[in-house]
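I'm keeping notes as I click through this one. Entries go down in the order I looked things up.

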Amino acid sequence: METLKVRIGKDLVIGEPGHIVVQTMCNTHTYDIEATVDQCMRMSRAGAELIRITVPGMKDVPCIAEIKRILRSNGVMTPLVADIHFSSETAVAVAKVVEKVRINPGNFHPDHETARARFAELLGVCKGYGTAIRVGLNHGSLGKYITDLYGNTPLAMAKAAMEWLQMCVENDFFQVVVSLKSSNTIVMVEAYQLLHKMMQESGVVFPMHLGVTEAGNGDSGRIKSCVGIATLLDQGIGNTVRVSLTEDPVEEIPVAKYLAERYGGKPVSMPHGRERVILDAACDYGPSLLMHRIDDLKLDTGLGAEFDAYLADEILQASRRRFYKPEYIACPGCGRTMYNLQDAFEKVKARTSHLKGMVIAVMGCIVNGPGEMADADWGYVGEGNGKVSIYKKNVPVLRHVPEDEAPDRLLELIESEL
Ligand code: SF4
């Protein structure tokens, strides 16, 4: 069944056969207009076809309007997506400003019936302004009404997405892209596969935005993203990709472009050198491991036995077939980030690298971070004002810890329970 084509702004279409759209997201504060414009320009030059910017509240709506104005006056026409959490009112307002609005059904409004009514209002505004929508669910932040019915499962994710897509159909609104992200590659792949099947059975297939959320950084973040995304693209599922790395977001683009070219049937133009070896191996073998077509991995990259063993370990862990180190979840950061996330993540990794198999989350903000940590054993969350909260599972066990002490306090807490 053919996938719907969703127009974003004047020139971009998501859902075209053979074109996988590359997108990324700013990690600057939206009120810092100069820094956000600068980052958007760098992203656009690097090959981003769509750029997302967080819009935490009503006061940020004029900021994104000004960012768009400056970009357009400088000839940067890349469409903008407003990222909304916890404020349906802001979604309705910003839909008049940008080319696309991303909403998370899990936190669109605390009351489910009000959420549905507000969503219908948003669809009306989007129709009037030609604005597209992404229904973007995350494994860690599903609404209570849906987890009460189906647990915190891939099925719950797909069912929740179908409910919101059905609302779009009922309102005769088809400019919609859908995503079901998780930091767990198996959960993510199963959720997208289920939703793809459900959409086909319903007779309306919306294009899909693929991503492994909170994938971390460095080789591990790249490999985890490639394994999850490539498994789906390999099966013909997915129309746009975002590779979430806890790094400068411009660094995400070569990886996303690699995936878009490789699975869009185009010659792969980037990256080169060792990064390329890593991406090739992750995409060549990760899907087969994840789908249990093979059970183990031995590599011969020509770069030495030590490197081959390390790369095989990383791909096996990303496919969740064998764990050789802790499983880190780290959000990429955005305009809500409350501290130096990249620095905090490195410090936490340095203290905890011996804790094989443990799931440790490092999150940028106290508003969204705890809800997005999903199945982490421990969470390390920026509060702002130089302070960190430490969570055990989803429960805060230490609050207001000064940042310079927090990695040690986390390790003490973990070791006291070993
Ligand atoms: S958890 Fe991270 S990416 Fe998500 S809203 Fe907070 S800072 Fe942004």
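Predicted model: local features only at pLDDT ≥ 70, side-chain atom pairs only at ≥ 80, totals over all residues.

I started with strands β12 (residues 359-363) and β13 (residues 378-384), which pair in the parallel sense over 4 bridges. For my own bookkeeping, two strands pair if DSSP finds at least two bridges between them. Helices (H or I, at least four residues) and strands (E, at least two) are DSSP runs, numbered from the N terminus. For the angles, axes are lines fitted to C-alpha atoms, for helices over the stretch in contact, and the values run from 0 to 180 degrees between N-to-C directions.

Residue numbers start from 1 along each chain as its sequence is written.

Next I followed β13 onward. It pairs with strand β14 (residues 387-392) in the antiparallel sense over 6 bridges, and Trp378 stands opposite Lys392 in β14. The two strands make a hairpin with 2 residues between them, and Asn385 in the turn has a positive phi of about 55°. β14 in turn runs antiparallel to β15, joined by 5 bridges. Lys392 has Val395 as its bridge partner in β15. That hairpin also has 2 residues between its strands, and Lys393 takes a positive phi near 50°.

Putting the sheet together, I get 5 strands in an open sheet, ordered β11-β12-β13-β14-β15, with mixed pairing. Which strands stand at the edges? They are β11 (327-330) and β15 (395-402); each has a single partner strand, so one side of each is left without a neighbour in the sheet. The twist averages 20° from one strand to the next.

I then moved to the other sheet. It is open too, with 8 strands in the order β8-β7-β6-β5-β4-β3-β10-β9 and parallel pairing. Its edge strands are β8 (176-181) and β9 (209-210), each pairing on one side only. Strand β5 (residues 80-84) runs parallel to β6 with 4 bridges, and Ile84 has Ile103 in β6 as its bridge partner. I looked at both faces of β6 (residues 100-103): Lys100 and Arg102 on one side and Val101 and Ile103 on the other are all buried. In a regular strand the side chains alternate between the two faces of the sheet. My burial scale: buried if 20 or more other C-beta atoms lie within 10 Å of a residue's own, exposed if 12 or fewer, partly exposed in between, with C-beta atoms placed from the backbone.

Further along, β3 (residues 21-25) pairs with β4 (residues 50-54) in the parallel sense over 3 bridges, and Gln23 stands opposite Leu50 in β4. Helix α9 (residues 252-263) lies across β3 and β10 (240-242), running at about 160° to β3.

I picked Arg52 out of strand β4. Buried or exposed? Arg52 counts as buried, because it has 25 C-beta neighbours inside 10 Å. Leaving out residues up to four places away in sequence, Arg52 touches Gln23, Met25, Val81, Asp83 and Arg102.

Ile294 has 13 other C-beta atoms within 10 Å, so it is partly exposed. Not counting residues up to four places away in sequence, Ile294 touches Ser288 and Leu289.

Then the ligand. I listed its surroundings, among them Cys331, Cys334, Arg336, Met363, Cys365 and Glu372; a residue is near if its C-beta atom, placed from the backbone, lies within 6 Å. The shell divides into 5 nonpolar, 5 polar and 2 charged residues.

Last, the overall numbers. I count 14 helices and 15 strands in the protein. Buried residues make up 53% of the 418 residues. The C-alpha atoms fill a box of roughly 55 × 50 × 50 Å, taken along the principal axes.

Conventions: Nonpolar A, V, L, I, M, F, W, Y, C, P; charged D, E, K, R; others polar. Contact = placed C-beta atoms within 7 Å.
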